[in-house]
Amino acid sequence: MRKRSRLKIHLNILKENFQKVKKLSEGKKTIFMVKANAYGHGLVPIVDYAFQTLKIDTFGCASMGEAMCLRNELVDLNFNLIVFSDFNLEEDAEAFLNRRIVPVISNIRDLKYFLSQDQFRFLPLYLKFNTGMYRLGLPMSALDETINLLKSKNRHVDHLMTHFANATLDIKLNSQNKRQIKNYQQIRDSFKQAGLKVNEASLCNSGGLIQKLSIDETHVRPGLMMYGPSGMAIIDGKEIGEWDGRPVSELETCVVDTFYAEKGTPIGYGGSPCPYAGQIAILGIGYGDGIGTNYSGVELKIKGGLWKIVGRVSMDMTAIQRVDESGEELKINDRISLWGPEASDNFARICRKTKMIPYEVFCNISNRIPRIYAG
Ligand SMILES: *Cc1c(COP(=O)(O)O)cnc(C)c1O
């Protein structure tokens, strides 16, 4: 475990981002996606705060393990919990019935089993269709069979959903998005014609919401945007949509040593020659903390100056070098932020240089880094 490197979570900024999400979603209810340890921000404290302070009452997990962790750690909080992909209807039945966890049914085999079980009679039916993403979801070819099964069992749909493969691209112009919207509408029309009631529906993840996609759904399912970044595609130098969320997390680390190096000095494992002459600072963070070797070459604004990650990132340490005379020199024991609310373009620089998506940058931050909560 680290002590001086840590991920500081600014809960007041989560609140700020949620206010913006509410504005964009125009009164629709929020299913806050908290899979993968709340995108690395800490599952339990994030849900605790979102439920108690932000009054969000429904959360989405990927796996049964995440859902059970929330139920066990937050026993007194009466929130709704949906598990999207990794569960087993037979093995996890007890948890669905007694711990109030709702599975999203996304294949015919599970649907048949669900409808055949008398014990699931009073469990809400959440259905997810594959409208064109081809990951998880009932296929369009199973639409008629689904309708017949539901009618034969006299069941309605409590929540209908689908997920976009290209929500970071133009929702109106991208052909895959257009096809998915068309398929969604076909599902709604078919259900209606069959006289099947659909109580709730959700379509939008962050990308859909940022593009203000709205058809007839009652809920939105934001994940990434709640934590700050938009993840939207950049076209002609401009990000699609207008998301002005701020990073909730701040990755703090410290300077463990500094020295001056001439151009060409071999730095670290493999001895990569240093690109300039100038001050080097060794940071107490490395790939053991989730700052991978692909961070080499990333430029970062630190204390008003521009710095560059030089040499190969090692397990415990990373070398940065001052690129120019802007900003200050660093000293031993200085505390610095690699990204955060006040240095939000660093996060974008990291994504750009490492070619990682923001989701991956967050999820890579390892358990060695303590999460601490402010606000
Ligand atoms: C992860 C996920 C979301 C949230 O996606 P973001 O891009 O993080 O907003 C929404 N819906 C489903 C089904 C998901 O798996």
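This is a predicted model: local features need pLDDT of at least 70, side-chain atom pairs count only at pLDDT 80 or more; totals for chains, interfaces and linings use all residues.
How far apart should the ends of helix α1 (residues 11–25) be, given 1.5 Å a residue? The 15 residues of the helix should span 21 Å, and the end C-alpha atoms of α1 are 21 Å apart, which agrees with that expectation.

**Helix α1**

- The buried residues of α1 are Leu 11, Ile 13, Leu 14, Asn 17, Phe 18, Val 21 and Ser 25, and because they cover an arc of only 145 degrees around the axis, they sit on the same side of α1.
- Just after α1 comes Glu 26, which takes a positive phi of about 50 degrees.

**Salt bridges**

- Side chains of opposite charge can pair when their charged atoms come close.
- The structure holds 15 salt bridges, and one of them is formed by Asp 289 and Arg 2, whose closest N and O atoms are 2.9 Å apart.
- This pair links distant parts of the chain, with Asp 289 in the loop between β16 (278–283) and β17 (299–302) and Arg 2 in the segment before β1 (6–10), 287 residues apart.
- Asp 289 is buried, because its relative accessible area is 0%, and Arg 2 also counts as buried, at 17% relative accessibility, since buried means under 20%.
- In another salt bridge the side chains of Lys 29 and Asp 57 meet, at 3.3 Å from N to O.
- Lys 29 lies in strand β2 (residues 29–33), whereas Asp 57 lies in the loop between α3 (43–52) and β3 (58–63), so the pair ties together parts that are 28 residues apart in sequence.
- Lys 29 counts as partly exposed at 42% relative accessibility, and Asp 57 counts as partly exposed at 25%.
- Arg 349 forms a salt bridge with Asp 345, with the closest N and O atoms 3.8 Å apart, and both residues lie in helix α11 (residues 344–354), 4 residues apart, which is about one turn of the helix.
- Asp 345 is partly exposed, with a relative accessible area of 44%.
- Salt bridges that share partners also join Arg 2, Asp 289, Asp 316 and Arg 368 into one network.

**Around the ligand**

- The ligand is surrounded by 14 residues, of which the closest are Lys 35, Tyr 39, Ser 206, Leu 224 and Tyr 359.
- An oxygen atom of the ligand is 3.0 Å from an N or O atom in the side chain of Asn 205, while a nitrogen atom of the ligand is 2.9 Å from an N or O atom in the side chain of Arg 221.
- The backbone takes part as well, for an oxygen atom of the ligand is 2.8 Å from a polar backbone atom of Leu 224.
- On its own the ligand has 390 Å² of accessible area, and the protein covers 94% of it.

**Arg 109**

- Arg 109 is found in helix α6 (residues 108–116), and Arg 109 counts as exposed because its relative accessibility is 61%, where exposed means over 50%.
- The side chains of Arg 109 and Asp 110 are joined by a polar contact of 3.4 Å.
- Arg 109 and Glu 73 are 36 residues apart along the chain, and their C-alpha atoms are separated by 32 Å.

How values were computed
Residues are numbered from 1 along each chain as its sequence is written. Side-chain values use heavy atoms; hydrogens and water are left out. A salt bridge is a side-chain nitrogen of Lys or Arg within 4 Å of a carboxyl oxygen of Asp or Glu. Helices (H or I, at least four residues) and strands (E, at least two) are DSSP runs, numbered from the N terminus. Buried means under 20% relative accessible area, exposed over 50%, partly exposed in between (1.4 Å probe, protein chains only). The expected span of a helix is 1.5 Å times one less than its number of residues. The arc is that of the directions from the helix axis to the C-beta atoms. A residue is near a molecule or strand if one of its heavy atoms lies within 4 Å of it. A polar contact is a pair of N or O atoms within 3.5 Å; within protein, one must be able to donate a hydrogen and the other to accept it, and residues adjacent in sequence count only if both atoms are side-chain atoms. Accessible areas come from the Shrake-Rupley method with a 1.4 Å probe; for residues, only the protein chains shown count as cover.
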